[in-house]
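This report goes through one protein model topic by topic. Keep the sequence and the structure in view while reading.

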Amino acid sequence: VGAFQQFVDDHPYSCPGWYNLGNALQRTGAHAKAIEAYDFALVIDDGFSPALLQKASALTMVEDYDQALECYSESMLLDAPQANIFTLMGECKERVGHLSEAEEYYLNALELDGDFADAHVGLGVVAEMREDWTGSMKHFERAMALEPENVEYHILLGGILKKIGMHDEADLIYANALRLEPDNLEVHLEAAENLQANERHEEALG
């Protein structure tokens with residue numbers, strides 16, 4: 001951070017300088033300061049979309065989802081719409097409980113790229129929040145088919161299977177996740193909880 005701060009002190013009208021300072025601050029978790037740095041970059045060049053996208057990411061981290069959405073919307077006026085941007089916008093709407101709008105953004109993402117796994121995950125999460133277990137399972141399965149080594153997707157699908165009492169199927173999902181990441185504590189805990197829910201207490205303790 002110090003080197004980038006020195007650079008903008010010496011070159012206060014450098015848009016890339018402020019942008020790089022923002023990135024460095026964001027990596028350290030100083031999101032509010034990062035947002036300020038991105039704002040300086042955008043004052044210098046309001047068409048610099050990478051600063052808008054990174055500002056949106058930092059705003060999401062401080063849970064300012066409305067402002068983040070504005071940044072994502074602005075970025076799409078500068079660049080062609082992208083599946084990942086629509087998905088990030090969907091996540092903002094999802095986090096404030098606007099599920100229908102979130103769903104719309106995820107569907108927009110899939111119109112651009114039907115194989116964008118994170119958009120399928122978003123639809124799965126929305127379906128889960130609506131207690132539509134079948135719909136949720138379908139989308140998580142699709143995401144896993146697209147990215148079979150993504151352990152997070154295994155955890156999501158295993159969680160749905162566990163909720164609807166398909167414990168043996170969940171067990172297989174967790175076993176596969178542990179083959180991919182044997183030291184993943186979250187998977188171990190989820191797998192143990194699934195065994196307990198299935199009244200296989202001794203195995204859960206093991």
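## Model and helix numbering

Helices (H or I, at least four residues) and strands (E, at least two) are DSSP runs, numbered from the N terminus. This is a predicted model, in which local features need pLDDT of at least 70 and side-chain atom pairs count only at pLDDT 80 or more, while totals for chains, interfaces and linings use all residues. Residues are numbered from 1 along each chain as its sequence is written, and side-chain values use heavy atoms, with hydrogens and water left out.

Is I173 buried or exposed? I173 is buried, as its relative accessible area is 14%. Here buried means under 20% relative accessible area, exposed means over 50%, and partly exposed is in between (1.4 Å probe, protein chains only). From I173 to A102 the separation is 71 residues in sequence and 27 Å in space, C-alpha to C-alpha.

## Cysteines

A disulfide is a pair of cysteine sulfur atoms within 2.5 Å. By this rule the model has zero disulfides. C15 is in no disulfide, since the nearest cysteine sulfur belongs to C71 and is 14 Å away. C15 is also buried, at a relative accessible area of 8%.

## Salt bridges

A salt bridge is a side-chain nitrogen of Lys or Arg within 4 Å of a carboxyl oxygen of Asp or Glu. Side chains of opposite charge can pair when their charged atoms come close. How many salt bridges does the structure hold? There are seven salt bridges in the structure. One of them joins the side chains of K93 and E101, at 3.0 Å from N to O. K93 is buried at a relative accessible area of 12%, whereas E101 is partly exposed at 38% relative accessibility.

Another salt bridge is made by E103 and R130, with 3.2 Å from N to O. This pair links distant parts of the chain: E103 belongs to helix α7 (residues 99-112) and R130 to the loop between α8 and α9, 27 residues apart. E103 is partly exposed, with a relative accessible area of 26%, and R130 is partly exposed, with 39%. K162 and E193 also meet in a salt bridge, at 3.0 Å from N to O. Here too the pair links distant parts of the chain, with K162 in helix α10 (residues 151-163) and E193 in helix α12 (residues 185-197), 31 residues apart. K162 is buried at 13% relative accessibility, while E193 is partly exposed at 44%. K162 and E193 are linked with E190 in a network of salt bridges.

## Surface patches

Patches are made of residues with over 30% relative accessible area and no salt bridge; like charges are joined within 9 Å, and nonpolar side chains (Val, Leu, Ile, Met, Phe, Trp, Tyr) within 5 Å. Accessible areas come from the Shrake-Rupley method with a 1.4 Å probe, and for residues only the protein chains shown count as cover. Y13, V43 and I44 make a nonpolar surface patch of about 380 Å². I44 is in helix α3 and is partly exposed, with a relative accessible area of 34%.

Which residues form the negative surface patch? The patch is formed by D45, D46, D66, E70 and E74. Lys and Arg count as positive and Asp and Glu as negative, while His and the chain ends are not counted. The place of a charge is taken as NZ of Lys, CZ of Arg, CG of Asp or CD of Glu. D45 lies in the loop between α3 (31-44) and α4 (49-61) and is partly exposed, at a relative accessible area of 33%.

## Positive phi angles

Most residues other than glycine have a negative phi. E63 has a positive phi, near 65°. E63 lies in the loop between α4 and α5 (65-78) and is exposed, at 58% relative accessibility.

E131 has a positive phi too, near 60°. The place of E131 is the loop between α8 (117-129) and α9 (133-146). E131 is exposed, with a relative accessible area of 57%.
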